[in-house]
Amino acid sequence: MTDQTLPHSQHKASDAELSVNASGNNLANSRKVFVKTYGCQMNVYDSQRMADSLAAEGYVTTDSADDADMVLINTCHIREKASEKLYSALGRLRNMKNKRQADGKDLIIGVAGCVAQAEGDEILRRSPTVDLVVGPQTYHRLPQALKQVREGRQVVDTEYAIEDKFEHLPVATREQVRKRGASAFLTVQEGCDKFCTFCVVPYTRGSEVSRSVAQIVSEATKLVQAGVRDLTLLGQNVNGWHGVGDDGREWGLGELLYHLAEIPGIARLRYTTSHPRDMDEMLIKAHGDLDILMPYLHLPVQSGSDRILKAMNRKHKGADYVQLIQRIRAVRPDLALSGDFIVGFPGETDEDFEDTMQLVRDVRYAQAYSFKYSPRPGTPGADLPDHVEESVKDERLQRLQALLSEQQYAFQDSLVGTEMDVLLEKPGRFEGQMIGRSPWLIPVIIDNEQGEVGDIIRVRVISTGTNSLMAEKLA
């Protein structure tokens, strides 16, 4: 951790805000923190753990920056213009902080996450009103950083921690977990050793690290005892998890899933995000054996062209991926597949793109995320020749997304008339509605008199919306 003694002065994924009262204390009598979260599910999990850590320091979370004593921006570096988005937000916070100081009050501004890791001191240089910068491997030291901020210092803590951060994070209380709902994330693995040429994760999250079975089971058990029914295991390369088990052996993700399925009260298990190279036989077998393991898999392929896959350093071929999906569907025929695609990678020709379109037709996706390639500074892809014109990227992306949307709607339409179990999660947008989670993660809208949050009910799908299902409860 470095600091300076100075005056006080963020895929497949969209922005989300953590707006849960982290401690259950009276907001009017506590210091308040607003946490803005950009990016993937792992960032949501990290934001929750930071909120837990701050709760131990007397902070409760609030859903507005206007009445916060501290604003923490948890950043993502995957999307294009991530830094610009951060500095735009910091500009607005600077004005808010100046106004507070004119009124004799203060506002602590913190930046966390992958942009914090990548830019470090540069954030303080460009935005001097920022008080602290913490990376994704050091946010467990947030209380110590806050202590230095209160002493009048600015803090940058982005050095990779030697200690296990999960051992130092406070355990969320049962009340904190309950306020977050019946579904929860649990990080089991961080970092990546694959070094895909388009990706910044190995540089911002570090090398692959797996939590032990004992740590994971302990956290999972506490979540389930607090009312969590649907648990998603997270990792940048989650099926590369290889933690030490209670027997001293190194386990794989499949063995972990069998073990977690035995926790009393757990109803559903999921995991994301995976790499095709790490789908081993036991993990595939788990999809066939465990009813508790939901029939939904996010398995990015990125391209259907072997030439582009090699340039991306993916180390698998399009045919390998298609055969892998066939093997998984052989044991779990109702599997719905999600994926990631990058169009316009340097050197991609019309023929390469057509290979991607053909792979999509062969595989059939229920959902997918697709993006134009945008170079990330420091990655090998940024230095490759033959970058594709933006207009060509645009045209290819529109064609790909049209095909993916057609497949998504076809999958949703295929569910009309079927019966399924739905986990009720929250009130709907309109009065009289409740929103549930299907086994395939599609939102399901039903009448709100059909159950309470956390209930799993049997329904029949009666129609589809753009990205949702409408259903009725079965008697």
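Q: How many bridges join S19 to strand S21, and do the two run parallel or antiparallel?

A: As a general idea, two strands pair if DSSP finds at least two bridges between them, while helices (H or I, at least four residues) and strands (E, at least two) are DSSP runs numbered from the N terminus. In this predicted model, S19 is joined to S21 (residues 469–473) by two bridges, and these strands run parallel. Met470 in S21 is the bridge partner of Ile445.

Q: What should I know about the numbering and the confidence limits before reading further?

A: Residues are numbered from 1 along each chain as its sequence is written. Since the model is predicted, local features need pLDDT of at least 70 and side-chain atom pairs count only at pLDDT 80 or more, whereas totals for chains, interfaces and linings use all residues; side-chain values use heavy atoms, with hydrogens and water left out.

Q: How many bridges join strand S18 to strand S19?

A: Strands S18 (residues 433–437) and S19 (residues 443–447) run antiparallel and are joined by five bridges, with Ile446 of S19 as the bridge partner of Met434. The two strands form a hairpin with five residues between them, and in that turn Leu441 has a positive phi of about 70°.

Q: Which residues does UniProt list for "domain: TRAM"?

A: UniProt positions are given in the numbering used here, with shortened feature names, and annotations may be inferred rather than shown by experiment. The UniProt record, an unreviewed entry, lists residues 413–475 for this domain, and over residues 413–475 the chain is 3% helix and 52% strand, with 23 Å between the end C-alpha atoms.

Q: Where does UniProt place the feature "binding site"?

A: According to UniProt, again in an unreviewed entry, the feature lies at Cys192, Cys196 and Cys199. Cys192 is in the loop between strand S10 (189–190) and helix H8 (201–204), and Cys196 is also found in the loop between S10 and H8.

Q: Does Cys192 count as buried or exposed?

A: Buried means under 20% relative accessible area, exposed over 50%, and partly exposed in between (1.4 Å probe, protein chains only). Cys192 has 12% relative accessibility and therefore counts as buried, and Cys196, at 8%, counts as buried as well. Contact means heavy atoms within 4.5 Å; leaving out residues up to four places away in sequence, Cys192 touches Val201, Pro202, Gly206, Ser207, Glu208 and Asn237, while Cys196, with the corresponding residues left out, touches Met312, Asn313 and Arg314.

Q: Where is the place of His316?

A: His316 is in the loop between helix H12 (306–311) and helix H13 (318–331). His316 counts as buried because its relative accessibility is 8%. Apart from its neighbours within four places in sequence, the residues in contact with His316 are His275, Pro276, Val301, Leu309 and Tyr321.

Q: Which residues of the largest nonpolar core touch the most other members?

A: In soluble globular proteins, nonpolar side chains tend to be buried together. A nonpolar core is defined as a set of buried Ala, Val, Leu, Ile, Met, Phe, Trp, Tyr and Cys residues joined through side-chain atoms within 4.5 Å. Here the largest core has 55 residues, and Leu233, Tyr271 and Tyr365 touch the most other members; helix H9 (residues 213–225) provides the largest share of this core, six residues. Apart from this core lies another, of 23 residues, including Ile73, Cys76, Ala89 and Ala116.

Q: Which residues are buried in helix H5?

A: An α-helix has 3.6 residues a turn, so residues three or four places apart point the same way. In H5 (residues 142–150), the buried residues are Leu142, Pro143, Ala145, Leu146, Gln148 and Val149. Gly152 follows H5 and has a positive phi, near 95°.

Q: How far apart in space are Pro128 and Gln154, C-alpha to C-alpha?

A: Pro128 and Gln154 are 9.0 Å apart in space, although 26 residues separate them in sequence. Pro128 is found in the loop between helix H4 (121–126) and strand S7 (132–134) and, at 49% relative accessibility, counts as partly exposed. Gln154, by contrast, is found in strand S8 (residues 153–157) and is buried, with a relative accessible area of 4%.

Q: How many helices and strands does the protein have?

A: The protein has 15 helices and 21 strands, and buried residues make up 56% of its 475 residues.
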